[in-house]
Amino acid sequence: MGSYNNRNYMEVDLKKIKQNAFQIKKYIGTTKLMSVVKTDAYGFGIDTIPKHIELYSDWFAVATSEEALAIREQNIQKPILVLGYVMDSQISEMIQNNVTLTTVSLAYVEHLNELVPEGKKLDVHIKIDTGMNRIGLYSKNHDLVRFVEQAEKILALKNINVTGIYTHFAAAGSTKDEDIEFTKHQYHTFKSVVQQLEALGYELGVRHCSNSDAILNYPEFNMDMVRVGKFFFGFGQDAAIKELGTTLPFKLVGRVIRVKEISKGETVSYDRAFTAEKLTKIATISIGFGDGLRKNMYKELEIIVNGKRAHVTGKINMDFMMVDVTDISDVNEGDYALIIGTGGSETIMPYEVARIAEASTPEIISVVNKRVPRFYINDDE
């Protein structure tokens, strides 16, 4: 663990992220890889991450036009798909930068068609809403005829160039029987729409439906391309990490800024949520919910101090958390503490923190804000 003179930080090992990309590409074989780097590359830095996984990426996926341009500014020419909404004022810039948009709805694409400059074409991927009920072409009761009719209207637009078609699974990571059946239904609905359009003679471009969880649980659904994001960063349960051969490429670190002993009966933090049952040594760590943690994670959360686990005591503050280090020797002001990562023989994985926060693993890191500096190591670019 690097020793940076900051109140807290995230250390990101770019070599490990690149190796994770290699492992993912190896796992999916000849299938194309769309690398999802939305939300500032899950909080790891969209200005840095794409160029380190470009070698193994056939496409990139982002959420916003700004993220797409951030990739182009790195002189990356791989195709980019924006998964979300793009404003009218940004359409010309998207065309100039060869960025592909998503069909948020039929009306949205028909509107975009009117915004395309004379003599230009806007590339899009047709999104079929097979059950996520978020964006894409919608058909009540998943009526295939209605899906096909809407897609044909898009394919007929003079200023729109369709280069792909896709859907998104709502529960590909679930082991519940009803969710497995739902995922299979989504896939078969999507595949039927694609087959009907192809039978009508339409060229649809690249076909993709599988997200990160689906490449493990439903490899038979891979089609032409899969969309993977979280596995680059060591997210996922132990079984998934072992299956892919990926590793945890980062550490989230806070700093010990005060150590003191409190007496039996004294309380710690807001609402006096922790009461000492004996003489207790408390270390204050300079990281809190203002950096992206959750206030109420204190009930179960442990961190690593001097290679040993320490329980959080009391509610997490905006700028601090307090931990019980009574049984840990030689804890001093200035020491570093791991919220996620490996210290000594102990490791705290992102999924542990996510479970306590009742969140997904990407949610835990993507909200770690810019107040927490990112330090990159093993940069071979």
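**View 1. Lys315 and Asp271 form a salt bridge.** A salt bridge here is a side-chain nitrogen of Lys or Arg within 4 Å of a carboxyl oxygen of Asp or Glu, and the closest N and O atoms of this pair are 2.8 Å apart. The pair links distant parts of the chain, 44 residues apart: Lys315 sits in the loop between strand 15 (308-311) and strand 16 (321-324), and Asp271 in the loop between strand 11 (267-268) and strand 12 (274-275). Helices (H or I, at least four residues) and strands (E, at least two) are DSSP runs, numbered from the N terminus. Lys315 counts as buried because its relative accessibility is 17%, while Asp271 is exposed at 60% (buried means under 20% relative accessible area, exposed over 50%, partly exposed in between; 1.4 Å probe, protein chains only). The model is predicted, so local features need pLDDT of at least 70 and side-chain atom pairs pLDDT 80 or more, while totals for chains, interfaces and linings use all residues. Residues are numbered from 1 along each chain as its sequence is written, and side-chain values use heavy atoms, leaving out hydrogens and water.

**View 2. Asp291 meets Arg371 in a salt bridge.** Their closest N and O atoms are 2.8 Å apart. The two residues lie in separate loops, so the pair ties together parts that are 80 residues apart in sequence. Asp291 is buried at 1%, whereas Arg371 is partly exposed at 37%.

**View 3. Glu149 and Arg146 pair up within helix 7 (residues 144-155).** Their salt bridge has its closest N and O atoms 3.9 Å apart. Because they are 3 residues apart in the helix, about one helical turn separates them.
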